[in-house]
Amino acid sequence: MFPELNNLLNTTPDRAEQGKLTLLCDANTDGSFLVHHFLSFYLKANCKVCFVALIQSFSHYNIVGQKLGVSLTVARECGQLVFLEGLKSSVDVFFRAQAEPHPLQFLREANAENLQPLYEFVREALKPVDDGDAAWRCPVLLVDDLSVLLSLGMGAVAVLDFIHYCRATVCWERKGNIVALVHDSGDTEEEENNILLNGLSHQSHLILRAEGLATGFCRDVHGQLRILWRTPSQPTTQRDRSLTYQYKIQDKSVSFFAKGMSPAVL
Amino acid sequence: VTPSEGARGGTGRQLEMESVLALRGLVLLRDSVEWEGRSLLKALIKKAALGGEQVHILGCEVSEEEFRAGFDSSINSRLVYYDFFRDPLNWAQTGEALPGGPLGALQAMCERTDPGPVTVALDSLSWLLLRLPCAALCQALCAMSRQHACRGGGPAAEQLCVLGLLHRELHGPGPMGALSSLAQTEVTLSGTAGQASAHILCRRPRQRPTLETLWFSVLPDLSLDLQGGPPLESQPHPDPHTPQVDPASHLTFNLHLSKREREAKDSLTLPFQFSSEKQQALLRPGPGPATSRIFYEPDVFDDLDPEDPDGDLDV
């Protein structure tokens with residue numbers, strides 16, 4: 001996790017909030033550094049994490065995780081991390097008997113209508129442990145990322161339904177958190193992606209949006225991060241809840257600074 | 001502003017907000033990601049409940065617990081809640097799901113209501129619109145008001161008020177337009193500098209539609225606090241406006257013209273502009289040879305060849 005980002009979000013692993021949906025989105029840049037941040041953050045916060053990783057391999061996340069101070073191998077072995085490696089298990093779907101349910105079953109079906117098998121996988125993975133002492137703090141679902149489900153043929157409403165059920169189970173029933181990444185292509189013609197992004201935005205408590213700089217690539221400033229806090233159903237008197245920072249990604253950390261205040265130009 | 005004017009302005013704003021409920025029919029609350037509308041929906045529900053109406057809520061987007069938060073117990077006991085959040089698509093197969101899906105629930109709502117003023121809150125219309133065909137939803141909304149009017153058997157004024165929360169960014173112009181045409185009132189939420197505003201478009205029967213803008217905030221106890229106008233500029237912006245810088249100040253050269261220079265510039269005729277004076281000058285031959293003369297001093301390297309250089313041209 002990146003300590004500077006924790007400061008901006010005013011949170012630490014011991015004081016992590018519960019029952020929240022955090023939406024990560026990126027536009028014209030790669031927002032996966034945010035995924036790595038939250039993965040290591042919640043592992044350090046002693047939460048049980050179910051990671052639906054559809055984009056990269058386990059070893060990729062493990063290597064980055066080690067730079068950030070967590071070992072995914074150890075977490076997986078002791079049961080803290082349930083890792084669905086999309087790239088590997090998608091192949092299993094085709095070599096498995098059809099009767100057995102598989103979380104990525106929709107890949108096999110011609111007209112997969114919903115992501116219920118994937119939801120059942122998440123629900124099973126984050127089931128509370130029956131023994132008396134709670135080993136882990138709260139369940140967390142992390143998805144990298146949801147846009148790829150659209151490319152694999154699911155409709156935006158099916159993905160929204162999947163997240164709806166995850167919210168009902170993980171956030172409401174079990175007081176856990178969800179963090180999901182969605183790409184924003186910026187193309188108004190991509191209706192399905194826009195419905196997914198906007199639909200999730202309305203349900204989120206926190207939106208982190210990584211954008212490339214409007215002026216193009218820069219060696220010292222990799223992009224801009226917009227942070228928007230929302231309270232979808234409680235009225236708040238304080239409305240000043242949006243911040244924008246620029247950032248630079250380094251080998252083991254990300255540094256944040258106010259717009260125009262990059263150390264390279266000061 | 002004299003106190004009486006202020007008071008009048010206050011009651012005027014209250015009336016405008018009251019008319020949202022008073023007009024009955026379909027009320028669309030159109031919100032956006034930045035300016036959420038659920039708290040306004042809850043504030044209107046509270047108003048309706050305090051006014052003695054029956055209130056039915058179709059809850060799809062947030063849990064019943066979260067929705068009921070903020071209402072006090074007397075109001076909460078009056079709200080009839082249909083929970084479509086926990087298991088809307090019946091994946092759990094527990095048999096507890098409401099039959100007929102959301103449309104069935106809308107119909108059931110009409111059958112369960114007693115005659116009299118009823119407010120139905122849909123949280124949210126967007127949720128329904130994404131999963132049901134637009135035509136079916138519009139027909140269901142029309143049927144609701146017809147059914148209720150039939151059962152009431154009462155005065156011509158409609159007794160049913162349907163508050164629908166709609167997320168602007170989720171739908172195309174077609175469905176939005178269809179719902180708009182069914183709506184008696186449309187409240188569009190936006191804001192500036194941390195203050196929310198509501199643009200209220202009322203379509204009263206046999207009158208021209210009226211458009212009003214109100215600045216408001218919803219207090220933690222879900223009552224509405226209406227403000228007079230947009231917030232003062234002294235509030236610090238999260239994104240400070242860069243001050244206007246005059247690029248022509250502090251220069252080492254002069255970019256401005258004095259009055260005389262400006263007059264001279266304006267009276268100058270451009271060389272290729274064919275004005276009437278120029279035309280006269282050309283038509284009338286000059287008084288003598290041209291006043292300008294050319295003096296030429298050949299120097300050492302000049303090659304003065306008396307021969308005509310174009311002599312070999314066969315012209």
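Me: What places Lys175(A) in a loop of chain A?

Reply: Lys175(A) sits between helix H8 and strand S5 (177-183) of chain A. H8 spans 156-173. Helices here are DSSP runs of H or I with at least four residues, strands are runs of E with at least two, and both are numbered from the N terminus. Lys175(A) also has phi near 55°, a positive value in a residue other than glycine.

Me: What kind of model is this?

Reply: This is a predicted model: local features need pLDDT of at least 70, side-chain atom pairs count only at pLDDT 80 or more, and totals for chains, interfaces and linings use all residues. Residues are numbered from 1 along each chain as its sequence is written, chains are lettered from A and ligands numbered from 1 in the order in which they are written, and side-chain values use heavy atoms, with hydrogens and water left out.

Me: Which peptide bond to Asp145(A) is cis?

Reply: The one from Asp144(A), with omega near -15°. Asp145(A) is in the loop between strand S4 (139-144) and helix H7 (147-151) of chain A. Chain B has a cis bond from Asp123(B) to Ser124(B), with omega near 5°. Ser124(B) lies in the loop between strand S4 (118-123) and H6 of chain B.

Me: Why is the meeting of Arg131(B) and Asp161(A) called a salt bridge?

Reply: The rule asks for a side-chain nitrogen of Lys or Arg within 4 Å of a carboxyl oxygen of Asp or Glu. Arg131(B) and Asp161(A) show 2.7 Å, N to O, so they qualify. The count between chain B and chain A is 1. Over all chains it is 16.

Me: How far apart are the closest N and O atoms of Arg123(A) and Glu120(A)?

Reply: They are 2.9 Å apart, and the pair forms a salt bridge. The two residues are 3 apart in helix H6 (residues 116-125) of chain A, which means a separation of about one helical turn.

Me: How do you know that chain B is in contact with chain A?

Reply: Contact means heavy atoms within 4.5 Å. By that test, 38 residues of chain B touch 34 residues of chain A. The buried area is about 3100 Å², with 57% from carbon and sulfur atoms. That area is the accessible area (1.4 Å probe) the two parts lose on being put together, summed over both. In chain B, Val33(B), Phe85(B) and Trp91(B) lose the most to chain A, together 25% of what that side buries.

Me: What makes the largest cavity a cavity?

Reply: On a 1 Å grid over the protein atoms alone, a cavity is a set of points where a 1.4 Å probe fits but cannot get out. The search finds 7 of 30 Å³ or more. The largest has a volume of about 100 Å³. Points are joined across faces, edges and corners, and volume is the space filled by probe spheres set on them.

Me: Which residues line the largest cavity?

Reply: Lining residues have an atom within 4 Å of a point. Both chains contribute, including His164(A), Gln203(A), Trp127(B) and Arg131(B). H6(B) gives the most, with 4 residues.

Note on methods. 1 Å grid on protein atoms, 1.4 Å probe; cavity = no way out; pocket = protein on both sides within 12 Å on 5 of 7 lines; lining within 4 Å.
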